[in-house]
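Subject: Structure for you to look at

Hello,

Here is the structure I said I would pass on. My notes on what was found in it follow below.

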Amino acid sequence: MKLHEAIDTVLANRPAGMSARELADEIERRGLYLRGDGKPASPGEVNARVGNKTYRDRYRKDHLGRICLA
């Protein structure tokens, strides 16, 4: 599974959104994604993926910085 797919999976049941830290922790807890070196995604990597121009239309951030599906 790719990181954006893992983010989508977690956010599918979280309409209020989650912080990048919460997302990274939940992705790791569920075992949805590991980087090529076997380490879990960091909150910074989650933020980078959400902000990437390829995926920008897929996500939004609310006024508290929580990441939600668009």
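Apart from neighbours within four places in sequence, His4 is in contact with Arg49, Tyr55, Arg58 and Tyr59. Please keep in mind that this is a predicted model. His4 belongs to helix α1, and it counts as buried because its relative accessibility is 9%, under the 20% cut-off.

Asp8 also lies in helix α1. Its relative accessibility is 18%, so Asp8 counts as buried too, the limit being 20%. With neighbours within four places in sequence left aside, the contacts of Asp8 are Arg58, Tyr59 and Leu69. Asp8 and Cys68 are 60 residues apart along the chain, and their C-alpha atoms are separated by 9.1 Å.

How much of α1 is buried? Seven of its nine residues are, so α1 is largely enclosed by the rest of the structure. The buried residues of α1 are Leu3, His4, Ala6, Ile7, Asp8, Val10 and Leu11. The elements that cover them include α2, α3, β1 and β2.

Next, the helix packing. In general, a pair of packed helices is described by the angle between the axes and by the distance between them.

For α1 and α2, the axes cross at roughly 95° and come within 10 Å. At that angle, α1 is roughly perpendicular to α2. On the α1 side the contact is made by Leu3, Ala6, Ile7, Thr9, Val10 and Leu11, and on the α2 side by Leu23, Glu26, Ile27 and Arg30. By type, the residues of this contact between α1 and α2 are seven nonpolar, one polar and two charged.

Helix α2 (residues 20-30) also packs against helix α3 (residues 43-51), at an angle of about 110° and with the axes 8 Å apart. This pair, α2 and α3, is therefore roughly perpendicular as well. Ala20, Arg21, Leu23 and Ala24 of α2 meet Pro43, Val46 and Asn47 of α3. Here the contact of α2 with α3 divides into five nonpolar residues, one polar and one charged.

Which residues of α3 are buried? They are Pro43, Val46 and Val50. Because these residues cover an arc of only 60° around the axis, they sit on the same side of α3. As background, an α-helix has 3.6 residues a turn, so residues three or four places apart point the same way. The buried residues of α3 pack against α1 (3-11), α2, β1 (59-61) and β2 (67-69).

Two loop residues remain.

- Asp62 is in the loop between β1 and β2. Its relative accessible area is 16%, so Asp62 is buried, the limit being 20%. The side chains of Asp62 and Arg66 are joined by a polar contact of 2.7 Å.
- Thr54 is in the loop between α3 and β1. Is Thr54 buried or exposed? Thr54 is exposed, because its relative accessible area of 58% is over 50%. The C-alpha atoms of Thr54 and Glu22 are separated by 22 Å, with the two residues 32 apart along the chain.

Regards

Notes:
Residues are numbered from 1 along each chain as its sequence is written. This is a predicted model: local features need pLDDT of at least 70, side-chain atom pairs count only at pLDDT 80 or more; totals for chains, interfaces and linings use all residues. Side-chain values use heavy atoms; hydrogens and water are left out. Axes are lines fitted to C-alpha atoms, for helices over the stretch in contact, and angles run from 0 to 180 degrees between N-to-C directions. Helices (H or I, at least four residues) and strands (E, at least two) are DSSP runs, numbered from the N terminus. Angles under 35 degrees count as roughly parallel, over 145 as roughly antiparallel, 65 to 115 as roughly perpendicular and the rest as oblique. Contact means heavy atoms within 4.5 Å. Ala, Val, Leu, Ile, Met, Phe, Trp, Tyr, Cys and Pro count as nonpolar, Asp, Glu, Lys and Arg as charged, and the others, Gly among them, as polar. Buried means under 20% relative accessible area, exposed over 50%, partly exposed in between (1.4 Å probe, protein chains only). The arc is that of the directions from the helix axis to the C-beta atoms. A polar contact is a pair of N or O atoms within 3.5 Å; within protein, one must be able to donate a hydrogen and the other to accept it, and residues adjacent in sequence count only if both atoms are side-chain atoms.
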